[in-house]
Amino acid sequence: MKRSLPLRHFSPWLLALSIAPVLAAESESLVGEPSSLPSPEAAAATPSPFELGHKLTVQGGYGPENSQPGNDDKGFYGLRYEPSLSWRSSEPQWPKWQAFGRAWLNYNSSSQASTGLQDETSQQIEYFSAELREFYVRRNLLGDDPRFSLSLGRQRYADHFGIWWDDSLESLRLNFDDTFTRGFVAVGQQLHSYNSDIKALDDSERDIAYAMGEYALRWSGEHWAGVRLLLEQDHSGQDADDPSDFDGVRAGLFFQGEALSGSPLFSDYHLELVALDGDVELASGDEQDRSGWAVLGEIGKRFHDLPWTPRLALHGGITDKPDDANDGFYLNAIQSDRVANPDTYSSGLVSSFIGVDLRNLAYYGIALETQPQPRHHLDLRLSDLYLRDADGAVPISLGEPAEQSGSRSLGQTLDLNYYWEMFPVALQDKHVQVNALFTASYFRAGDAIGNLDNDSQLSFGVVLRY
């Protein structure tokens, strides 16, 4: 039995609520007003140290149960209320202390996948559930330097493709943010589910310690390049319900550029190169080496002079060809295949309908994004999926076991998305924002899975923020 790391003994109730960074400007007194009695205007402009946020999501649709091809079609719907509370200390120029807390109150008719309007992926629990998603304390101005901050608690981690981190994690994080460089280092472990219906973590997620970090450099204009590192140690011991424990490292490079004007061929790009290496301890006690890699990216060109300002993009990805079920690249418990776009909506690497485990997979496709009117988006995305090893594991979730035919073609996915965002309205010194997303998805089954038919899914989502 491996020894548990000290981090496991942190008590979650010691972690105070905390806040996302908010800058406060010092109010100036009007000329002629006594310094001890600020003017009514200045007093009204003084921000409160507390801020309560609200987010309400309504979503639904019709498609195969649990969004798994092969299952019977059924309707589904869900409601989520997401309150958040933030606090900052009273320093006028820059708060030294901040705190933030965020919770979920959910009701789902089934365990269907969420729409692309959600800020993160999570297990959709049938009927009612409540969950505490974030609670952390942050200390800014470390060494009186505004570039450094230190935070402790359950914090949100995310990257563009989700293949590094896309979950909330109890952790200690040191953050660095400058004009031309940014990065962080963190150590953490999921200690509890904090969900009213899930009393404990799944066996495959328990007792896994993480050390992670990122460093990015803005080397020219809006061009960024960086490195990421993720160390993982599964110290749960031998367990029949957790048949393989991975201890190892994931390391990689990323390159990205947004809103570029210097190149006539592309206006944005994002490239990820990831390698994995470590050891797997099986439930039998045997150990074997595990290694793998993945390369994925997207490159796009926005035509601002054409009607609807279309953006044409090419996307694709490929992994290594694994030797067996315990070899090759894969996504761990805090990772996902979600492409996060905070400006509009999120989607999967290949489709909002078909989720993939990034292993034994190759895919490529094309996307067309348009803006028929300001704050309206009409987008089309087409992808073609293949197995790297025709006899290897199938990287998509199915309603019934796959009957593989020896072909490599998994099939094609087609997504049509319509997204609308309301112009924010001020109400009692706060913004009211409403967004809506409608998605029609189609999956044309390939020859690799002989028992799988074509399938489709319709979904919608409406989000109100205040």
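I began with Y194, which sits in the loop between β9 and β10. I was working from a predicted model, so I noted that before anything else. The phi of Y194 came out near 55 degrees, a positive value in a residue that is not glycine. Is Y194 buried or exposed? I found a relative accessible area of 14% for Y194, and since buried means under 20%, Y194 counts as buried.

Next I turned to S67, in the loop between β2 (55-64) and β3 (73-81). S67 is not glycine either, and its phi is positive, near 55 degrees. I then checked its accessibility: S67 is at 10%, so it counts as buried.

Then I moved on to the cores. Nonpolar side chains tend to be buried together in soluble globular proteins. Which residues touch the most other members of the largest nonpolar core? Out of its 42 residues, I listed I163, M212, L349, L358, L385 and I396. I also looked up the strands behind this core: at least two residues each come from β9 (181-189), β10 (208-220), β13 (268-282), β14 (287-302), β18 (361-370), β19 (376-387) and β22 (430-445). The top contributor is β13, with four residues.

Leaving out residues up to four places away in sequence, I396 touches I354, G355, V356, L385, F443 and I449.

Note on methods: Residues numbered from 1 in each chain as written. Predicted model: local features only at pLDDT ≥ 70, side-chain atom pairs only at ≥ 80, totals over all residues. Heavy atoms only, no water. Core = buried A, V, L, I, M, F, W, Y, C linked by side-chain atoms within 4.5 Å. Buried < 20%, exposed > 50% of the residue type's maximum accessible area, 1.4 Å probe, protein only. Contact = heavy atoms within 4.5 Å.
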